[in-house]
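Here is a short briefing for a reader who is new to this structure. Start with the view below, then work through the points by topic.

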Amino acid sequence: MVENLVIIGSGPAGYTAAIYAGRAQLNPVVFEGFSAGGIPGGQLMTTTEVENYPGFPEGVQGPKLMQQIRQQALRWGAKLITDDVIAVDFSQYPFTVASDDLLEVKTRAVIICTGATAKRLHLPGEEKFWNNGISACAICDGANPLFVNADIAVVGGGDSAIEEALYLTKYARQVHLLVRSNCLRASKTMQERVFNHSQIHIHWHSSPISVEGDRILRCVQVQDNLTGAVSDLAVSGLFYAIGHTPNTQLFQDQLELDEAGYIKTQGKSTATNIPGIWAAGDVQDYVYRQAITSAGTGCMAALEAERWLSQRRLSPVGGTPNFVSSVA
Ligand code: NDP
């Protein structure tokens, strides 16, 4: 039995691709996976209020939003398999996707939506305040009343850290940017913006080493990396912007990835370098990283897959695929 389409991953990209593919009568098989986030549904399963997803004027809890998108995928006939994919073979057609429970599926097309994982520092006290003072997404969590008119800290010195710090000045009284070295890695334009911002204070050679609080976060202990001295910084928020790790370990030797490990997609499409395989969501996007952009690229991938499959409806499955025309 050869499936039409396997979707790997279950964030907004994966389930949206499943909705579109289901409605196109492709009977998609979705491997929901849970090892990256600990639970199917992707990064939104560990968020609280999502206030920027269109259609929810009062906001919606991340897990509830994912549950609803999942329900919609089920309604359109997606077959959901709650299991991690542990191996893929894209060198033979039809492609093979194998899961942890030793299920091996042959498929004509694949959409990869395995997302990315925000890097954490694993500080003492971090678990207690995760999503309750500590976050890895200013756009998602910045407007939380905890941070309004408060002092907050951002860790990192790249473009993301600068973006987060600038964004947080809308809400916070003061933003402390903790940079572990004596320079920023961010682009010069972005650097100018923080250097000239009255609400942003840069702490060079500074690394957070632990967090403290009671019901909410109250303080971050910061180490001076030159002298080793430790001081208390009174803040009610700590935002990590130290990079993301795309969940692409499975595809390393099979698909073209960029230097940071993100899957390369072609032009304005979600096509990868292998015809018949698309990538959507954060696994191929390090710029926007929003639930809505993820869902948008999931939709694009499903439409592209549907067109590609219908162009090849008469192609025999097995042997070499019909790769004559370009993807998408
Ligand atoms: P980067 O890898 O560029 O930067 C990570 C930052 O975090 C660096 O300053 C690094 O310090 C610091 N860091 C890493 N580990 C630690 C740690 N353990 N403790 C303290 N600090 C740490 O990641 P970004 O997410 O900022 O950017 C990723 C890519 O996305 C880049 O190519 C960036 O240009 C791009 N991007 C583009 C945007 C745009 O175009 N609008 C917006 C956001 C990102 P150090 O420098 O010392 O290594």
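**Charges and overall build**

The mean positions of the 24 positive and 31 negative charges of the protein chain lie 6 Å apart. The model is predicted. The chain holds 7 helices and 19 strands. Its radius of gyration is 22 Å, close to the 20 Å that the globule rule gives for 328 residues, so the chain is as compact as a globular protein of that length.

**Size, surface and contacts**

- Taken along the principal axes, the C-alpha atoms fill a box of roughly 70 × 35 × 35 Å.
- Of the 328 residues, 52% are buried.
- The protein chain exposes about 15,600 Å². Carbon and sulfur atoms supply 50% of that area.
- Consider the contacts between residues at least 6 apart in sequence. Of these, 59% join residues at least 24 apart.

**Cysteines**

- How many disulfides does the count come to? The count is 1 disulfide.
- Cys137 and Cys140 form a disulfide, and their sulfur atoms are 2.1 Å apart.
- Which hand does the disulfide of Cys137 and Cys140 have? The torsion about the S-S bond is about 75°, so the disulfide is right-handed.
- Cys137 has a relative accessible area of 17%, so it is buried. The cut-off for buried is under 20%.
- Cys140 has a relative accessible area of 27%, so it is partly exposed.
- Cys183 is partly exposed, at 45% relative accessibility.
- Cys219 is buried, at 11% relative accessibility.

**Backbone features**

- Most residues other than glycine have a negative phi, and most peptide bonds are trans. The next points give exceptions by residue.
- Tyr93 and Pro94 are joined by a cis peptide bond, with omega about 0°. Pro94 sits in the loop between strand E6 (85–89) and strand E7 (95–99).
- Asn27 is not a glycine, yet its phi is positive, near 45°. Asn27 belongs to the loop between helix H1 (12–23) and strand E2 (29–31). Its relative accessibility is 42%, so Asn27 counts as partly exposed.
- Arg289 is not a glycine either, and it has a positive phi of about 50°. Arg289 is in the loop between strand E19 (277–279) and helix H7 (291–311). At 22% relative accessibility, Arg289 is partly exposed.

**Arg108, in a strand**

- Arg108 is part of strand E8, which covers residues 104–112.
- Its relative accessibility is 25%, so Arg108 counts as partly exposed.
- Arg108 and Leu5 are 103 residues apart along the chain. Their C-alpha atoms are separated by 6.0 Å.

**Ser294, in a helix**

- Ser294 is in helix H7.
- Is Ser294 buried or exposed? At 7% relative accessibility, Ser294 counts as buried.
- Leave out residues up to four places away in sequence, and Ser294 touches Pro12, Ala13, Gly281 and Asp282.

**Asp253, in a loop**

- Asp253 lies in the loop between strand E18 (244–246) and E19.
- Its relative accessible area is 78%, so Asp253 is exposed. The cut-off for exposed is over 50%.
- Asp253 and Ile263 are 10 residues apart in sequence. Their C-alpha atoms are 12 Å apart in space.

**Arg173, in a loop**

- Where does Arg173 lie? Arg173 is in the loop between helix H5 (159–168) and strand E12 (174–178).
- Arg173 and Val2 are 171 residues apart along the chain, and their C-alpha atoms are separated by 58 Å.
- Which residues is Arg173 in contact with, leaving aside its neighbours within four places in sequence? They are Asn149, Ala150, Asp151 and Gln199.

Terms used
Residues numbered from 1 in each chain as written. Predicted model: local features only at pLDDT ≥ 70, side-chain atom pairs only at ≥ 80, totals over all residues. Heavy atoms only, no water. Helix = DSSP H or I, 4+ residues; strand = E, 2+ residues; numbered from the N terminus. Rg over C-alpha atoms; globule rule 2.2 N^0.38 Å. Buried < 20%, exposed > 50% of the residue type's maximum accessible area, 1.4 Å probe, protein only. Contact = heavy atoms within 4.5 Å. Areas by Shrake-Rupley, 256 points an atom, 1.4 Å probe, with all protein chains shown as cover. Lys, Arg positive; Asp, Glu negative; His and termini not counted. Charge placed at Lys NZ, Arg CZ, Asp CG, Glu CD. Disulfide = S-S within 2.5 Å.
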